[in-house]
Structures are given as C-alpha cells and as structure tokens.
Amino acid sequence: MEAATGDLAAWAGVVVALAFSFTAFVVSLVSLKYQRDSAKAAKRAVEEAKRSAVAAEESAAAGSRSADAAERSALASEQVAEIEAMRDMQPTVAWEVTRESEFAAYLRNAGAETVTGVTVDTTVPGVDQAPDGVTLEPGASAKLMVSSSLVHGTPREIRVTWDGAPSPVVVPVPPW
C-alpha cells in the first residue's frame, strides 16, 4: 500500500511541530534555571551590602567620614546587584506559531506566565480571524487564519501585542 503525498506531508508537519515544541520547552527550562540562579546571586549581593552597611554603622563611632563612605559603598553595591539581576533575567513571555493546515494556524503561549489582552495584528495581509484581547495561559493557544491571494503571498510573520508589551512582537509563521 502506497502512502499518499498528503499523508507524508502531514506526518512531516507533525514531526516538525513536535521538534519545535520540544525545543521551546527545553529553552524555557534553561531560561528558568538561569533566572533562579540570577535571583539567588542578587539576594546574596544584597545581603553582603546589608552586612557592609551594618559594619559602616559600627565604624561610625570611629569616624563619621569613613562611615559615610562605607554606607555609600554599600548602597552602590546593592544598586549594582539589583541592576545585574534585572539584566540577567530572561523574558517570561514567548510565542510560537504552528500550522494546522494550509489556512489555519495556532498562536501558542510558549512562555512561563499567563498573558492577557493578546491581540494579533490583522492589518497584515493574509491574517484573518485572529485573537483579539484574549488571555492565554502557558501552553495555551488561539487559532487564526492565514491565506494568500493573487495580491499577496501567505504571511511569513505575524505581529502580537498583549497587556504590558512595550511594542508588537514579530512571530514567524512556518510554511505549510
């Protein structure tokens, strides 16, 4: 019995979708580990700064000038630790588009937090029936339609916004 070309394409699509899903899952686990390590390092830095401030207060009896310098140093250390912790944090919102068929696709929340007000820009030619103001929990998805015409090809990317996003994020649409 011969396999139809459509069957092979469907199975290839399933394999590709599973590979992308697994990769996104691994990336999210790695980013979560780095985020936790960064938070622990920042906490240690803040504790060291507090110890330094306490030492500065104890040395105030010896001279207010050196105490002021130590306090400024402790404050600077705390600020540096906070800045480094913020810089090392990985984003917790991530998006992924998978194709169901030639015309249907899903926008999936591949991040680690629930996202509200999710909207896909339908002014992009070929994007229709897209989510508008929906809430997506981690791993949840919303369906949208993608199509081509004589005027435009199938969209290769969509623009996604959500509550708290400073600007739209461009998410690639895999080919069918």
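Two strands are taken to pair if DSSP finds at least two bridges between them. The model examined here is predicted.

By that criterion, β3 and strand β7 (residues 157-161) are joined by two bridges. The two strands run antiparallel. Thr 119 stands opposite Thr 161 in β7. Val 120 faces a residue of its own kind in β7, standing opposite Val 160.

Strand β3, residues 115-120, also pairs with strand β5, residues 132-136. Three bridges connect β3 and β5, again in the antiparallel sense. Here Val 118 is set opposite Val 134 of β5.

These pairings belong to an open sheet of four strands. The strand order is β5-β3-β7-β8, with antiparallel pairing. From one strand to the next, the twist averages 40°. In general, strands of a sheet pair through backbone hydrogen bonds, in either a parallel or an antiparallel manner.

Gln 129 is not a glycine, yet its phi is positive, at about 50°. The relative accessible area of Gln 129 is 58%. Exposed residues are those over 50%, and Gln 129 is therefore classed as exposed.

Methods:
Residues are numbered from 1 along each chain as its sequence is written. This is a predicted model: local features need pLDDT of at least 70, side-chain atom pairs count only at pLDDT 80 or more; totals for chains, interfaces and linings use all residues. Side-chain values use heavy atoms; hydrogens and water are left out. Buried means under 20% relative accessible area, exposed over 50%, partly exposed in between (1.4 Å probe, protein chains only). Axes are lines fitted to C-alpha atoms, for helices over the stretch in contact, and angles run from 0 to 180 degrees between N-to-C directions.
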